[in-house]
Amino acid sequence: MYCEAIHCADTRTIRFAIYPDGFDGPRITAHISEAALRGLEDAPPDDDIDLAAACEAHFDCIEAKALERYRETPSRPILLETDDVSACALPH
């Protein structure tokens with residue numbers, strides 16, 4: 001799936017879009033914490049990595065978790081944390 005992600009420094013998250021019903025359906029905004037992405041990239045908290053690129057690199061898994069969360073409670077904001085995406089880490 002196509003990854004639409006931007007870094008939101010003020011909230012320390014990456015905001016991305018998901019489409020639960022495909023591109024013809026609604027566009028839902030979700031967030032993943034910087035800490036969660038740093039964990040996926042095995043990067044220290046002060047390391048200067050491209051977090052939007054990290055989101056894109058792991059997007060299949062991140063999107064799946066966000067869609068799962070959305071389907072559980074569509075009216076609740078989606079914020080993925082480290083525990084939510086720990087299974088998304090790519091083997092080194």
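This note goes through the helices, strands, core and salt bridges of the structure in numbered points.

1. Basis of the values. The model is predicted, and local features are reported from a pLDDT of at least 70, side-chain atom pairs count only at pLDDT 80 or more, and totals for chains, interfaces and linings use all residues. Residues are numbered from 1 along each chain as its sequence is written, while side-chain values use heavy atoms, with hydrogens and water left out.

2. Buried is used here for under 20% relative accessible area, exposed for over 50%, and partly exposed for what lies in between, with a 1.4 Å probe and protein chains only. The buried residues of α3 are Phe59, Ile62, Glu63, Ala66, Leu67 and Tyr70. Viewed down the helix axis they fall within an arc of 130 degrees, so they line one face of α3, the arc being that of the directions from the helix axis to the C-beta atoms. On the face turned away from this buried side, α3 carries the exposed residues Asp60, Arg71 and Glu72.

3. What α3 packs against. With contact defined as heavy atoms within 4.5 Å, the buried residues of α3 pack against β2 (13–18), β3 (28–33), α1 (34–41), α2 (51–57), β4 (79–80) and α4 (82–85).

4. Strand pairing. Two strands count as paired if DSSP finds at least two bridges between them. Strand β1 (residues 5–8) pairs with β2 in the antiparallel sense over four bridges, and within this pairing Ile6 has Arg15 of β2 as its bridge partner. The two strands form a hairpin with four residues between them, and in its turn Arg12 has a positive phi of about 55 degrees. On β3, which runs antiparallel to β2, the pairing with β2 is made through six bridges, and here Phe16 stands opposite Ala30 of β3. Five of the six residues of β2 are buried, so this strand is largely enclosed by the rest of the structure.

5. The largest nonpolar core. A nonpolar core is a set of buried Ala, Val, Leu, Ile, Met, Phe, Trp, Tyr and Cys residues joined through side-chain atoms within 4.5 Å. The largest such core has 22 residues, of which Phe16, Ile32, Leu37 and Ile62 touch the most other members. At least two residues of this core come from each of β2, β3, α1, α2 and α3, and α3 provides the largest share, five residues. Leaving aside residues up to four places away in sequence, Leu37 touches Ile14, Ile32, Leu51, Ala54, Cys55 and Ile62.

6. Helix α1 and Glu34. In α1 the buried residues are Glu34, Ala36, Leu37, Arg38 and Leu40, and the helix is followed by Asp42, whose phi is positive, near 55 degrees. Glu34 has a relative accessible area of 7%, and, not counting residues up to four places away in sequence, Glu34 touches His7, Arg12, Thr13 and Leu51.

7. A salt bridge to Glu34. A salt bridge is a side-chain nitrogen of Lys or Arg within 4 Å of a carboxyl oxygen of Asp or Glu, and by this rule the count comes to four. One of them joins Arg12 to Glu34, with the closest N and O atoms 3.3 Å apart; this pair links distant parts of the chain, 22 residues apart, with Arg12 in the loop between β1 and β2 and Glu34 in helix α1. Arg12 is exposed, at a relative accessible area of 54%, whereas Glu34 counts as buried.

8. Lys65 forms a salt bridge with Glu68 at 3.2 Å between the closest N and O atoms, and, being three residues apart in α3, the two are separated by about one helical turn. Arg69 and Asp84 meet through their side chains in a salt bridge of 2.6 Å, N to O. Arg69 lies in α3 and Asp84 in helix α4, so this pair ties together parts that are 15 residues apart in sequence. Arg69 is partly exposed at 21% relative accessibility, and Asp84 is also partly exposed, with a relative accessible area of 23%.
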